[in-house]
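Please keep the sequence and the three-dimensional view side by side while you read this note. The points below take up the charged contacts and then the pocket.

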Amino acid sequence: MSARRPTSARAPLTRERVLAAALNLIDERGLERFTMRALGADLGVEAMSIYKHLPGKDAVLDGVVELLLREFEETWQAGERPDDWRAHLSEFAHTFRALAAAHPRAFPLLSRRSLRAYVVGRSLAERALTILMVAGLPEDEAIAVLRLVVRFTLGFALSAPGEASVDREFTHELSESFPHVSALSVAVGDPQDEHRLFARGVAVLLDGGAVRLAGGGVRG
């Protein structure tokens with residue numbers, strides 16, 4: 001557990017300071033243990049003092065969504081060439097997943113508050129949609145591709161397996177009667193295979209977008 005920061009006597013309480021403390025607290029303890037009282041204690045103030053800057057817990061959590069998406073926006077580098085739309089969206093997905101790795105306990109907020117996330121991250125979404133539309137996808141197809149990439153990345157990050165390794169003896173026994181399942185269990189327990197699986201999934205999604213683009217966005 002990290003040492004408590006100096007009290008508000010040394011630094012005035014501001015919205016930004018409250019949100020930064022909230023994100024740190026969630027990173028340390030998780031969403032389930034996040035309370036306004038705990039946030040106040042971390043800041044060295046009474047919880048009621050926070051309400052002068054944010055009206056309640058929901059507003060604080062919305063603000064944490066802002067911080068997460070601000071970090072994402074500062075990290076994702078989308079170029080200007082429309083012919084690179086696949087590379088841009090692939091980088092979008094991988095950067096989004098990196099955000100999940102950096103804030104695994106706070107990241108679920110982007111799923112629980114998905115509409116709010118799109119509103120707060122409107123400049124990100126607008127940039128991604130523009131890249132797709134300049135490449136030739138109509139608006140509805142571009143929206144579908146972006147939503148699929150976001151949903152896939154959210155789902156992949158939130159459902160990552162917890163096993164760190166596979167018992168070799170068990171795998172050997174399994175291979176005698178179920179060789180393919182044995183190979184599957186090895187893959188599930190391999191962190192590097194998780195990276196490969198994610199990259200493959202993103203490629204499949206973007207392949208689908210390319211097919212739609214080649215077909216002029218005509219619905220199947």
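How many salt bridges does the count come to by the rule used here? The count comes to nine salt bridges, where a salt bridge is a side-chain nitrogen of Lys or Arg within 4 Å of a carboxyl oxygen of Asp or Glu.

1. Please bear in mind that this is a predicted model, in which local features need pLDDT of at least 70 and side-chain atom pairs count only at pLDDT 80 or more, while totals for chains, interfaces and linings use all residues. Residues are numbered from 1 along each chain as its sequence is written, and side-chain values use heavy atoms, with hydrogens and water left out.

2. Arginine 113 and aspartate 62 meet through their side chains in a salt bridge, at 2.8 Å from N to O. Because arginine 113 lies in the loop between helix H6 (109-112) and helix H7 (114-120), and aspartate 62 in helix H4 (residues 57-75), this pair ties together parts that are 51 residues apart in sequence. Helices here are DSSP runs of H or I with at least four residues, numbered from the N terminus.

3. Arginine 113 counts as buried at 18% relative accessibility, and aspartate 62 is also buried, with a relative accessible area of 18%; buried means under 20% relative accessible area, exposed over 50%, and partly exposed in between, with a 1.4 Å probe and protein chains only.

4. Aspartate 62 also forms a salt bridge with arginine 116, at 3.9 Å from N to O, and this pair links helix H7 with helix H4 across 54 residues. Arginine 116 is partly exposed, at a relative accessible area of 33%. A network of salt bridges links Arg15, Asp58, Asp62, Glu66, Arg113 and Arg116.

5. In a further salt bridge, the closest N and O atoms of glutamate 73 and arginine 127 are 3.8 Å apart. Glutamate 73 lies in helix H4 and arginine 127 in helix H8 (residues 122-135), so the pair ties together parts that are 54 residues apart in sequence. Glutamate 73 is partly exposed at 31% relative accessibility, as is arginine 127 at 26%.

6. The lining of the largest pocket takes its largest share, five residues, from H9, which is helix H9 (139-158). A pocket is an open set of points on a 1 Å grid over the protein atoms alone, where a 1.4 Å probe fits, with protein on both sides within 12 Å along at least five of seven lines, and lining residues have an atom within 4 Å of a point.

Notes: Helices (H or I, at least four residues) and strands (E, at least two) are DSSP runs, numbered from the N terminus.
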